[in-house]
Amino acid sequence: MGADIFNKKRDVTIVEILDRVLTKGVVISGDLVISVADIDLVYLGVRLLLSSVETMEQLKLNKGKTGTDA
Amino acid sequence: MHKLIYAIIHAKKESVCRLMNFDIGIQGIKGRELSAVSFNDIWAVVSDAENKDSEMNNDDALEFAAVTEELSHMFTLLPMRFGSLLKSDAEILKVLEKNYDAIRNNLIKVEGKSEYGLKVFRNSSDIIPVPELAEVKQAEGNSVYKNYILNKFNEYRADETLLEYSEKLKTEIAEHISGLNAVIKCNKVTGGNNVYNAVLLLEKEMTDNLTQTVIGIQSCHKELNMMLTGPWAPYNFVDITLK
């Protein structure tokens with residue numbers, strides 16, 4: 001019974017995973033950033049996904065401004 | 001060819017050697033071989049990666065997360081954000097050396113712990129009262145501008161009511177969880193019916209206690225829909241930007 005409270009819906013889990021790997025974790029200042037495509041894979045929680053893409057774009061932008069190329 | 005960094009781990013040399021010898025069977029994204037760069041007792045787990053302009057997709061990001069998750073079962077680690085690339089092992093070594101103290105402090109903070117996500121949903125119409133009848137009547141006789149102001153006021157009042165409810169729930173959940181010795185970070189609710197959104201960091205062996213606590217809260221509040229996720233690597237509890 002204990003495990004029932006854990007969410008096992010695939011789409012929700014994917015959103016939770018992407019939200020973490022794209023917006024959280026250790027960052028290297030001025031690091032290179034990979035473009036992320038294929039965003040239609042996630043169709044739930046679009047708000048989260050968009051926020052993630054925005055973060056990636058912001059990182060690219062910052063890199064462009066500083067001219068850093070690690 | 002660049003280097004994609006998955007995580008920074010704290011480990012003895014023998015454990016990392018086992019990992020690199022594929023005794024454990026983890027591969028990087030796109031089936032690439034994992035390798036490790038070390039400075040003292042910290043290691044960056046990396047694989048070769050495409051050049052910076054190449055595109056990766058969501059599947060790559062999910063594979064990346066899977067590697068981090070596998071590693072988190074074996075080591076205390078700091079997960080890297082997807083897309084962190086450096087040009088060479090030598091550059092990674094420089095970064096590890098320069099940031100050694102901050103990395104060690106963060107590793108100590110998360111040692112033996114896992115992250116969990118807890119979101120709570122409730123039909124917001126259960127919380128927000130329907131505007132009082134008198135106000136509605138008043139609205140009917142008003143100009144467009146006055147109705148606009150009145151609507152804005154109602155929206156404001158609805159937001160306030162929701163916020164007040166969320167704050168009460170935060171306090172109640174914190175009381176329930178207080179015995180678990182967890183670090184709780186409350187995030188902004190995501191809108192809609194989301195009334196609580198938090199991440200927790202707690203000892204790995206406390207997972208069952210957390211589950212039971214959440215089940216306990218759920219059974220006291222049938223009107224709530226609780227969503228617990230995890231265990232995760234401590235993505236939300238690393239406080240470091242490597243320079």
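The expected span of a helix is 1.5 Å times one less than its number of residues, and helices here are DSSP runs of H or I with at least four residues, while strands are DSSP runs of E with at least two, both numbered from the N terminus. Helix α7 of chain B (residues 207-220) has 14 residues and reaches 20 Å from its first C-alpha to its last, close to the 20 Å expected at 1.5 Å a residue.

This is a predicted model, in which local features need pLDDT of at least 70 and side-chain atom pairs count only at pLDDT 80 or more, whereas totals for chains, interfaces and linings use all residues. Residues are numbered from 1 along each chain as its sequence is written, chains are lettered from A and ligands numbered from 1 in the order in which they are written, and side-chain values use heavy atoms, with hydrogens and water left out.

**The chain as a whole**

Chain B has seven helices and eleven strands. Of its 243 residues, 47% are buried, a term that means under 20% relative accessible area, with a 1.4 Å probe and protein chains only. Contacts are heavy atoms within 4.5 Å, and among the contacts in chain B with a separation of 6 or more, 77% are between residues 24 or more positions apart.

Two strands pair if DSSP finds at least two bridges between them.

| Pair in chain B | Sense | Bridges |
|---|---|---|
| β1(B) and β3(B) | antiparallel | eight bridges |
| β2(B) and β3(B) | antiparallel | six bridges |

Strand β3 (residues 42-49) of chain B is largely enclosed by the rest of the structure, because seven of its eight residues are buried. Within these pairings, B:I8 has B:A44 of β3(B) as its bridge partner, and B:S38 stands opposite B:W43 in β3(B). The hairpin of β2(B) and β3(B) has two residues between the strands, and B:N40 takes a positive phi near 50 degrees there.

B:K3 lies in strand β1 (residues 2-10) of chain B. Why does B:K3 count as buried? B:K3 counts as buried because its relative accessibility is 15%. Its side chain makes a polar contact with the side chain of B:D48 at 2.7 Å; such a contact is a pair of N or O atoms within 3.5 Å, where within protein one must be able to donate a hydrogen and the other to accept it, and residues adjacent in sequence count only if both atoms are side-chain atoms.

**The sheet with β7 to β10**

An open sheet of four strands in chain B has the order β8-β9-β7-β10, with antiparallel pairing. Its edge strands are β8 (183-186) and β10 of chain B, each of which pairs on one side only. Neighbouring strands of this sheet are turned by 20 degrees against each other on average, direction ignored, where axes are lines fitted to C-alpha atoms, for helices over the stretch in contact, and angles run from 0 to 180 degrees between N-to-C directions. Nine bridges join β7(B) and β9(B) in the antiparallel sense, and B:G117 has B:V199 of β9(B) as its bridge partner.

Helix α6(B) packs on the sheet, touching β7, β8, β9 and β10 of chain B, and its direction makes about 25 degrees with that of β9(B). Helix α7(B) also packs on the sheet, touching β7, β9 and β10 of chain B, and its direction makes about 170 degrees with that of β10(B). The buried residues of α7(B) include B:L210, B:V214 and B:I217.

Key. Buried means under 20% relative accessible area, exposed over 50%, partly exposed in between (1.4 Å probe, protein chains only).
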